[in-house]
Amino acid sequence: MNIVALVGSIRKESYNMQIAKIMQERYKDKMNIKIADIRSLPHFDQDEELDPPSVVKDFKQEILSADGIIIVTPEYNWSISGVLKNALDWASRGKRVFMKKPVMPLGASSGMVGTLRAQTHLRQILSAPGIQANVLSPGGNEVLINLFNRKSRKMAS
């Protein structure tokens with residue numbers, strides 16, 4: 001099974017990137033998890049949506065070719081990060097590569113409620129007309145990792 005992971009934090013010591021890498025390693029015998037490079041995507045520009053730059057075309061092809069998507073999001077101001085929203089905006093225009101694609105949202109933060117608000121907002125975005133992903137229902141499928149820090153990461157790996 002081929003899975004693409006979108007990590008909404010591009011910070012060098014990102015908790016969410018650490019989670020994606022732990023999953024990549026832990027489940028390597030069950031699935032191939034490739035972490036997409038969303039840092040390289042230019043800002044979404046509607047003037048280019050029908051003929052986007054090659055980096056956008058490559059990103060969209062990765063999504064289209066995947067059996068499923070994991071989105072590991074931080075929480076910034078009760079929402080997802082701008083870099084993740086930008087990636088989702090590109091994916092929702094022209095060829096809509098998320099349509100009916102299975103998506104599992106999750107996230108980690110050092111706060112008490114993990115990324116609950118960001119994941120709630122992410123679920124709204126993933127149901128937008130241009131995306132229409134097949135998101136795992138929240139009942140029992142939420143992965144909210146709270147109080148995450150370097151010590152947690154060492155224990156998890």
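Begin by selecting strands S3 (68-72) and S4 (102-108), which pair in the parallel sense over four bridges. Strands here are DSSP runs of E with at least two residues, helices are runs of H or I with at least four, and both are numbered from the N terminus. Two strands pair if DSSP finds at least two bridges between them. The model is predicted, so local features need pLDDT of at least 70 and side-chain atom pairs count only at pLDDT 80 or more, while totals for chains, interfaces and linings use all residues. Residues are numbered from 1 along each chain as its sequence is written, and side-chain values use heavy atoms, with hydrogens and water left out.

**The strands around S4**

Within this pairing, Ile-71 stands opposite Pro-105 in S4. Follow the chain from S3 through H3 to S4: this β-α-β crossover is right-handed, meaning that, with the strands pointing away from the viewer, the path from the first strand over the helix to the second runs clockwise.

Next select strand S5 (residues 134-135), which runs parallel to S4 and is joined to it by two bridges; Val-103 stands opposite Val-135 there. Strand S6 (residues 144-145) also pairs with S4 in the parallel sense, over two bridges, and Ile-145 in S6 is the bridge partner of Ala-108. Colour S4 by accessibility: five of its seven residues are buried, where buried means under 20% relative accessible area, exposed over 50% and partly exposed in between (1.4 Å probe, protein chains only).

Which residues touch the most other members of the largest nonpolar core? Select Leu-6, Phe-59, Ile-69, Ile-71, Leu-88, Phe-98 and Leu-126, out of 27 residues in this core. Such a core is a set of buried Ala, Val, Leu, Ile, Met, Phe, Trp, Tyr and Cys residues joined through side-chain atoms within 4.5 Å. Its largest share, six residues, comes from H3. Apart from it lies another core, of 13 residues, among them Ala-5, Ile-19, Ile-35 and Leu-106.

**Two loops beside the strands**

Move to Thr-73, in the loop between S3 and H3. Thr-73 counts as buried, at 0% relative accessibility. Not counting residues up to four places away in sequence, Thr-73 touches residues including Asn-16, Leu-84, Leu-106 and Gln-119; contact means heavy atoms within 4.5 Å.

Gly-114 is the next selection, in the loop between S4 and H4. With 4% relative accessibility, Gly-114 is buried. Beyond four places away in sequence, Gly-114 touches Glu-75, Ser-109, Ile-145 and Asn-146.

**Aromatic rings**

Which residues form the one aromatic pair? Select Phe-44 and Trp-90, an edge-to-face pair at 4.9 Å centre to centre, with 75° between the planes. Rings of Phe, Tyr and Trp (its six-membered ring) pair if their centres lie within 6.5 Å; planes under 30 degrees apart count as stacked, over 60 as edge-to-face and the rest as tilted. Phe-44 lies in the loop between strand S2 (32-35) and helix H2 (54-65) and Trp-90 in helix H3 (residues 82-91), so the pair ties together parts that are 46 residues apart in sequence. Phe-44 is partly exposed, at 24% relative accessible area, whereas Trp-90 is buried, at 1%.

Finish with two arginines. The charged end of Arg-117 sits over the ring of Trp-78, 4.1 Å from its centre, and Arg-11 lies over the face of Tyr-15, at 5.0 Å from the ring centre. A charge sits over a ring if NZ of Lys or CZ of Arg is within 6 Å of the ring centre and within 35 degrees of the ring normal.
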